[in-house]
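Open the model in a viewer and keep the selection panel at hand. The stops below are meant to be taken in order.

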Number of protein chains: 6
Amino acid sequence: MPFVRICVTGDEERPTSEQKKELIAGVTKLVGDVLGKNTSNMVVIIDEIPMENYGIGGKTVRERRKEKQS
Amino acid sequence: MPFVRICVTGDEERPTSEQKKELIAGVTKLVGDVLGKNTSNMVVIIDEIPMENYGIGGKTVRERRKEKQS
Amino acid sequence: MPFVRICVTGDEERPTSEQKKELIAGVTKLVGDVLGKNTSNMVVIIDEIPMENYGIGGKTVRERRKEKQS
Amino acid sequence: MPFVRICVTGDEERPTSEQKKELIAGVTKLVGDVLGKNTSNMVVIIDEIPMENYGIGGKTVRERRKEKQS
Amino acid sequence: MPFVRICVTGDEERPTSEQKKELIAGVTKLVGDVLGKNTSNMVVIIDEIPMENYGIGGKTVRERRKEKQS
Amino acid sequence: MPFVRICVTGDEERPTSEQKKELIAGVTKLVGDVLGKNTSNMVVIIDEIPMENYGIGGKTVRERRKEKQS
């Protein structure tokens, strides 16, 4: 019974309800298929991280998006 | 000084303030008792995961609750 | 650039090198496809948890496997 | 179906198999009791962190233990 | 490409946007310097934990702050 | 009392004991300075992830290192 945790950016980049369903169904099936495990109780958690709390290369995603626009 | 992180479903299923206090006090005491450790600085964090971000068996908890009702 | 962490049981149940490659390639592609994100820097980490450190329903996986056999 | 992850120091301070069973059984029961949740699939994971990888107050636990002895 | 996750108390104690930028820039630089790693894709995530979800020594930070004031 | 967890690649890329001390001392000081928090009980954990369990861009770090060499 594997356990999966997925961090994505939130705010205006947050996944839609439909995308969350696809992520959870897809990752569960994939992990079950690869490992040959029963998935009936597999847990997948999606963490939505606010864009100013998510840093890449030393800058927040919020800053990076702004720079890209300007 | 162990560290504990507890993921629970949030939204309408989120624990009450009273339940959070009980969880934190109870888990701290239990871990301290079992391991014979000083608990004065033990950290316990509760993560409330929105029901559509928490997947079990390939479906979000939000979907599972709806199916149960219908 | 999402980040994914996958906990699986280790010891004699640990994934093979081939399964790890499939997991990492598959999850990366799936998350990229669903969210429409560039995956060139997406991180996927696999945690192998010893069977006596992984509890399900209040028992370690080590105990559960033994009971099943007997 | 809550999910719990417990970090403890490993190496010579690692919990015994018996302590791990007690931790997993105890935390599962406690969380189930406080939240009124079915625990049959609750997952509890214990992470054993090597003493030189676990820092408290800016020093590794390995260093702290040495200082205490001297 | 290391990955860092930082838990801090949220609510009225949450870091300002400026502090988040400093945390992300500072931790990224420090980890890169110490390990001699390229940081252009290093991820740092800040988790803001509500004060009643963050327990220290068996009490929520919310309770501890109240006791201090009285 | 913030809590920090750092994932780095292990195996032949694992940090030396000296680097771990520097990481733990440095991150603790930096987080304390930026947030103006007492650091005497701040916890920093370093997770060493085996190179075949750490995926970047859909490939394990083990594979990436091999490709670079050839």
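The tour covers a sheet, a helix packed on it, an annotated span and some aromatic rings, all in a predicted model.

**Stop 1: the sheet.** Colour the strands by chain and select the open sheet of eight strands. Read across, the order is β4(B)-β3(B)-β2(A)-β1(A)-β1(C)-β2(C)-β3(F)-β4(F), and the pairing is mixed. Now go to the edges, where β4 (59-60) of chain B and β4 (59-60) of chain F are found. Each has a single partner strand, so one side of each has no neighbour in the sheet.

Stop 2: Select β2 (residues 43-49) of chain C and β3 (residues 54-56) of chain F. The two strands run antiparallel and are joined by three bridges.

**Stop 3: an annotated span in chain A.** Select residues 2-63 of chain A, which an unreviewed UniProt entry lists as "domain: 4-oxalocrotonate tautomerase-like". This span is 35% helix and 31% strand, and its end C-alpha atoms lie 35 Å apart.

Centre on the end residue, Glu63(A), in helix α2 (residues 61-69) of chain A. The Glu63(A) side chain reaches the backbone nitrogen of Thr60(A) at 2.9 Å. For a contrast of sequence and space, pick Met51(A): Glu63(A) is twelve residues away from it in sequence, with 8.6 Å from C-alpha to C-alpha.

**Stop 4: the aromatic pairs.** How many aromatic pairs does the structure hold over all chains? There are three. Select Phe3(A) and Phe3(D): the ring centres are 3.5 Å apart and the planes are at 0°, so this pair is stacked. The pair crosses between chains, from strand β1 of chain A to strand β1 (residues 3-9) of chain D. Phe3(A) counts as buried at 3% relative accessibility, and Phe3(D) is buried at 3%.

Then select Phe3(C) and Phe3(E), a stacked pair with 3.5 Å centre to centre and 0° between the planes. Phe3(C) lies in strand β1 of chain C and Phe3(E) in strand β1 (residues 3-9) of chain E, so two chains are joined here. Phe3(C) is buried, with a relative accessible area of 3%; Phe3(E) also counts as buried, at 3%.

Note on methods:
Residues numbered from 1 in each chain as written. Chains lettered and ligands numbered in written order. Predicted model: local features only at pLDDT ≥ 70, side-chain atom pairs only at ≥ 80, totals over all residues. Heavy atoms only, no water. Pairing = 2+ DSSP bridges. Helix = DSSP H or I, 4+ residues; strand = E, 2+ residues; numbered from the N terminus. UniProt positions renumbered as here; feature names shortened; annotations may be inferred. Polar contact = N/O pair within 3.5 Å; in protein donor to acceptor, adjacent residues only side chain to side chain. Phe/Tyr/Trp six-rings, centres within 6.5 Å; stacked < 30°, edge-to-face > 60°. Buried < 20%, exposed > 50% of the residue type's maximum accessible area, 1.4 Å probe, protein only.
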